[in-house]
Amino acid sequence: MVYSKIPKLIIYIDVKSPYAFVALKPTLALEKDLGLLFDWKPLTLDIPSYLGSARKNDSGKLIENNRSKSQWSGVKYAYRDARRYANIQGKTLLGTQKIWDSSIANIGVTWVSTQDRQRLPDYLINIFNPFWKRELDIENIQVVSEIIRLSKVTTKGFKEYVAGEGKKKHDLLQASFHKRGIFGVPTYEFPDEFFFGREHLPYVRWRLTGCEGEAPDIAYLL
Amino acid sequence: MTVLKIYIDFKSPESYLAFHQTVTFEKEHNLDISWKPFLTKSRTTPLPKKNETKGETHLRIREEHKKSLNLKYAKILNLPMKYPRDENQSDLALSLLPKLSGETKDYITLAFHYFWQQNFDLNNRDTVIELLKASKKETTVLDVEEDLIQTLIHDTELAKQSGVIATPTYELEGDLFLGREHLPWIKKHLTNNR
């Protein structure tokens with residue numbers, strides 16, 4: 001279907017966010033359904049700055065804790081909530097044992113978008129799904145390169161990109177978020193407004209399809 | 001009949017928006033809803049300050065964003081909504097919720113109306129007396145010997161221990177769902193179990 005005056009949509013994601021993980025499937029489905037190519041960009045969350053930090057060992061024992069009781073309650077709820085939605089999507093979501101530095105994997109989003117945009121859904125699926133099964137060390141550039149290769153995108157120049165232009169672009173973007181009022185993932189940004197959270201997908205779809213009928217309320221799509 | 005427990009606070013904008021959607025949902029699904037009070041923290045959007053930490057900026061802009069979206073969806077849902085200028089509270093009106101006999105929906109509807117349309121302070125005794133009278137409830141409920149606010153704080157603490165972190169929280173067969181965005185899940189669950 002062709003819609004006139006489709007507003008540009010940017011989607012901000014972070015591989016280490018459980019909420020970005022469960023937003024992936026319905027957002028890719030929306031993109032495919034409407035025959036559009038959204039502009040996916042990385043937002044590498046600085047989780048300790050607003051939610052404290054913690055680290056567990058291999059047996060799940062807490063070995064580092066810088067979180068308040070209410071922060072822990074929020075984190076536990078977030079994982080439980082994301083997990084039940086991941087399960088109905090047929091995915092596995094295991095709690096992370098530390099706060100990962102996801103910048104290389106996120107720079108991979110920009111790399112793949114630049115090299116072969118059509119392959120971006122493959123890259124996103126290939127990196128998110130195993131990461132949330134605790135099968136990927138996303139801080140290892142070789143591992144991320146392998147995922148790019150698996151997604152049938154060239155890796156020639158990726159290491160240089162991560163060390164140079166890619167990192168520069170990534171860091172500049174991160175520095176711009178708070179100034180623009182953007183703080184989390186997934187965020188859906190139109191030229192004139194943005195929405196944090198996949199519960200806004202019904203509204204996003206409504207806007208992308210010409211704002212016909214009454215605007216919908218928030219809802220998590222099943 | 002399935003019992004759905006829902007934790008609310010009259011000063012929570014998300015509770016206000018969810019209440020109206022949930023009442024419609026209740027009628028459609030022949031539910032028995034038990035409305036539970038949960039005292040949330042004050043949510044006044046902090047003002048930007050000099051030397052703000054990254055975490056403080058994050059929390060401030062997050063709250064600003066929530067506010068703008070709540071107002072946006074209030075319009076979409078045709079619900080008048082006005083954020084109070086002062087840091088109005090809801091403690092007293094909320095503490096009475098478990099003490100009221102009979103149907104409580106009119107009381108809740110009016111309490112939300114007072115807070116989000118009239119911007120009344122629901123911790124003000126005179127306002128709460130007016131609220132009780134307007135919703136045809138006995139004002140003697142205020143004359144109990146127990147400390148209503150302490151009981152509310154205690155009940156909130158118990159809810160926190162069971163995993164409730166904010167409002168509106170829907171409790172369905174032991175599972176907790178924060179926010180009206182979960183209504184499709186709850187609806188599906190109820191339909192499948194019918």
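Biologist: How does α1(B) pass α4(B), left-handed or right-handed?
Modeller: The crossing of α1(B) with α4(B) is left-handed; that word applies when the near helix is turned anticlockwise from the far one by less than a right angle, and clockwise would be right-handed. Helices here are DSSP runs of H or I with at least four residues, strands are E runs of at least two, and both are numbered from the N terminus. This is a predicted model, where local features need pLDDT of at least 70, side-chain atom pairs count only at pLDDT 80 or more, and totals for chains, interfaces and linings use all residues. Residues are numbered from 1 along each chain as its sequence is written, while chains are lettered from A and ligands numbered from 1 in the order in which they are written.

Biologist: And at roughly what angle do their axes cross?
Modeller: Roughly 145°, with the axes of α1 (residues 13-29) and α4 (residues 105-116) of chain B coming within 10 Å. The axes are lines fitted to C-alpha atoms over the stretch in contact, and angles run from 0 to 180 degrees between N-to-C directions.

Biologist: Which residues make the contact?
Modeller: Tyr16(B), Phe19(B) and Val23(B) come from α1(B), and Lys105(B), Ile108(B), Phe112(B) and Trp116(B) from α4(B). Contact means C-beta atoms, placed from the backbone, within 7 Å.

Biologist: Which residues have the most contacts inside the largest nonpolar core?
Modeller: Phe21(A), Ala93(B), Ala111(B) and Leu122(B), in a core of 98 residues. α4(B) gives the most to this core, with 8 residues. Such a core is a set of buried Ala, Val, Leu, Ile, Met, Phe, Trp, Tyr and Cys residues joined through C-beta atoms within 7 Å. Buried means 20 or more other C-beta atoms within 10 Å of a residue's own, exposed means 12 or fewer, and partly exposed is in between, with C-beta atoms placed from the backbone.

Biologist: What does Leu122(B) touch?
Modeller: Leaving out residues up to four places away in sequence, its partners include Phe10(B), Ala93(B), Ala111(B) and Phe115(B).

Biologist: Switching topic: how many residues of chain A are in contact with chain B?
Modeller: 18 residues of chain A, facing 25 residues of chain B. On the chain A side, α3(A) brings the largest share, 3 residues.

Biologist: Where are the cis peptide bonds you'd point out?
Modeller: One joins Val185(A) and Pro186(A), with omega about -5°, and Pro186(A) sits in the loop between α8 (165-180) and β5 (187-189) of chain A. Another joins Thr167(B) and Pro168(B), with omega about 0°; Pro168(B) is in the loop between α6 (148-161) and β3 (169-172) of chain B.

Biologist: What about the phi of Asn30(B)?
Modeller: Asn30(B) has a positive phi of about 50°, although it is not a glycine. Asn30(B) lies in the loop between α1 and β2 (32-37) of chain B.

Biologist: Is Asn30(B) buried or exposed?
Modeller: Asn30(B) counts as exposed because it has 10 C-beta neighbours inside 10 Å.

Biologist: And Glu189(A), buried or exposed?
Modeller: Glu189(A) is in strand β5 of chain A, and it counts as buried because it has 21 C-beta neighbours inside 10 Å. Beyond residues up to four places away in sequence, Glu189(A) touches Leu9(A), Ile10(A), Tyr12(A) and Phe194(A).

Biologist: Last one: what are the model's scores?
Modeller: ipTM is 0.95 and pTM is 0.94.

Note on methods. Two residues are in contact if their C-beta atoms, placed from the backbone, lie within 7 Å.
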